[in-house]
Amino acid sequence: MNDHHATSTLPFVTGYGYTVHENASMLDRTTFRVPARAAMLIDVHEFDAIPCLLDDAAKQHREVLILGGGSNVLFTRDWPGVVLALRTRGLDIIEQHVPGTPGDAALVRAAAGEVWDDFVHWTLAHGLRGLENLALIPGSVGATPIQNIGAYGVEVGEFVDAVYAYDRTTSSIVRLDRAACAFAYRDSLFKRDSGRYLITAVDFLLPRERALRLDYDGVREELAAMGVDSPDARAVAHAISRVRTRKLPDPVTTGNAGSFFKNPIVSADLATALEGEHARMPLWPLADGLAKLSAAWLIEACGLKGFRQGDAGVSDQHALVLINYGGANGAQLWALARHIQQTVLARFGVALEPEPLVI
Ligand code: EPU
């Protein structure tokens, strides 16, 4: 007999705004494409369904995992509880001209389940700037504030006006302004207080006029290769998409979750000592006696770029990206990640922290 049916007060059945799948395969639900099953997977299409679903899960003592686009999670085992997959849609310009904002900004609201890259192109088509450097990042809009996604010199937190979320501690919808989100490098309130907030929508403040950011290595070169002399935001998005396509494996064809490790932040003293030994090591000085190192460089310097254990490997295009060559499971990818961490720690004394959520 199925245990949970014996104990549940309210059996989960598909209802308005959500669809229930029991003993569901998660293989197609994460970009790593590893085998794992969820005891219950619920696709949520309407926000209104969320409080009741969380309430029912709590009554049944089922642990809840929130899933967005699945581009930042690695399952190393089955999930015995409920996975809530947010698939809510909706894009709106809330205010065309927000008074007192530089660059004549518009306020735009995006539902959590919107596809990030589609949203970026939607904003550009409406003449809005800011997100062009973040083109082609996989995942959903609602996941972007959690780890404050960043690429090519821009972080999403710069443009977030507010995040709407269901607060599981107070059982209420909250609006958190940018300051409350406490954005930092690949970090935010949502990551630090993981599991508390279920993001339902994000408001972005996007200017119509704003200097383009072209200083990150390779961006100007790509525009030149495209024959673009005076780029607009759409050309920048196009150039960034070309660079990403070339440098990063495509999650649609090759299982991966982008950067597997964060660039480590270490003491300036350690960074200087390492720089003394390795003249070509990239190093970005930060405030407060700290410095950021390149995780990709450290991994490559250990000879691990392109390294493979069965179907789990390190990309030969970019040393920060772990690859599922087809048949790897999450435990094998995690074993590879641990091997990389241990090797880099032994060689450089630097601890690498995973970027995705590892279950
Ligand atoms: N490098 C190597 N070997 C490699 C790749 C890079 O030594 O295989 C060194 C090079 O010196 C290079 C430097 O690392 O100049 C920086 O490389 P890159 O520009 O690719 O940036 P990254 O720091 O490795 C970060 C983000 C990426 C983002 C790029 C571009 C993190 C953890 N990752 O990578 O984000 O696309 O910058 O802005 O901050 C992601 O988070 O999934 C992701 C792909």
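A residue is called buried here when its relative accessible area is under 20%, exposed when that area is over 50%, and partly exposed in between, using a 1.4 Å probe and protein chains only. The structure is a predicted model, in which local features need pLDDT of at least 70 and side-chain atom pairs count only at pLDDT 80 or more, while totals for chains, interfaces and linings use all residues. Residues are numbered from 1 along each chain as its sequence is written, and side-chain values use heavy atoms, with hydrogens and water left out.

Let's start with Lys262. At 11% relative accessibility, this lysine counts as buried. Its place is in the loop between S13 and S14; helices (H or I, at least four residues) and strands (E, at least two) are DSSP runs, numbered from the N terminus. Contact means heavy atoms within 4.5 Å. Leaving aside residues up to four places away in sequence, Lys262 touches Tyr185, Arg186, Lys191, Ala295, Leu352, Glu353, Pro354 and Glu355.

The side chain of Tyr185 has an N or O atom 2.7 Å from an oxygen atom of the ligand. For the side chain of Arg186, the distance from an N or O atom to a ligand oxygen is 2.7 Å, and for that of Ser294 it is 2.9 Å. A residue is near a molecule or strand if one of its heavy atoms lies within 4 Å of it. There are 23 residues around the ligand, and Tyr152, Arg186, Tyr216, Glu300 and His318 come nearest.

A charge sits over a ring if NZ of Lys or CZ of Arg is within 6 Å of the ring centre and within 35 degrees of the ring normal. Lys292 lies over the face of Tyr185, 3.6 Å from the ring centre, and Arg308 lies over the face of Tyr325, at 3.9 Å from the ring centre.

Now for the aromatic rings. A pair of aromatic rings is described by the distance of the centres and the angle of the planes. Rings of Phe, Tyr and Trp (its six-membered ring) pair if their centres lie within 6.5 Å; planes under 30 degrees apart count as stacked, over 60 as edge-to-face and the rest as tilted. By this rule the count comes to ten aromatic pairs. One of them is the tilted pair of Phe260 and Trp334, with 6.5 Å from centre to centre and 45° between the planes. Phe260 lies in the loop between strand S13 (255–259) and strand S14 (265–267), and Trp334 in helix H10 (residues 330–348), so the pair ties together parts that are 74 residues apart in sequence. Phe260 is buried, at 1% relative accessibility, whereas Trp334 is partly exposed, with a relative accessible area of 23%. Ring pairs link Phe32, Phe260, Phe261 and Trp334 into a cluster.

In helix H2 (residues 50–59), the buried residues are Ile50, Leu53, Leu54, Asp56 and Ala57. Seen down the axis of H2, they fall within an arc of 160°, so they line one face of the helix; the arc is that of the directions from the helix axis to the C-beta atoms. An α-helix has 3.6 residues a turn, so residues three or four places apart point the same way. Among the elements covering the buried residues of H2 are strand S1 (18–25), strand S2 (37–44) and strand S3 (64–67). Just after H2, His61 takes a positive phi of about 55°.

Helix H3 (residues 116–125) has Trp116, Asp117, Phe119, Val120, Thr123 and Leu124 as its buried residues. Viewed along the axis of H3, these fall within an arc of 160°, so they line one face of the helix. Their cover includes strand S6 (91–95), strand S7 (106–111), strand S12 (197–206) and helix H7 (233–247). Gly127, which follows H3, has a positive phi, near 75°.

Finally, two loop residues are worth a look. Ala182 has a positive phi of about 50° although it is not a glycine, and is found in the loop between helix H4 (178–181) and H5. Asp288, also not a glycine, has a positive phi of about 60°. Asp288 is exposed, with a relative accessible area of 75%.

Notes. Polar contact = N/O pair within 3.5 Å; in protein donor to acceptor, adjacent residues only side chain to side chain.
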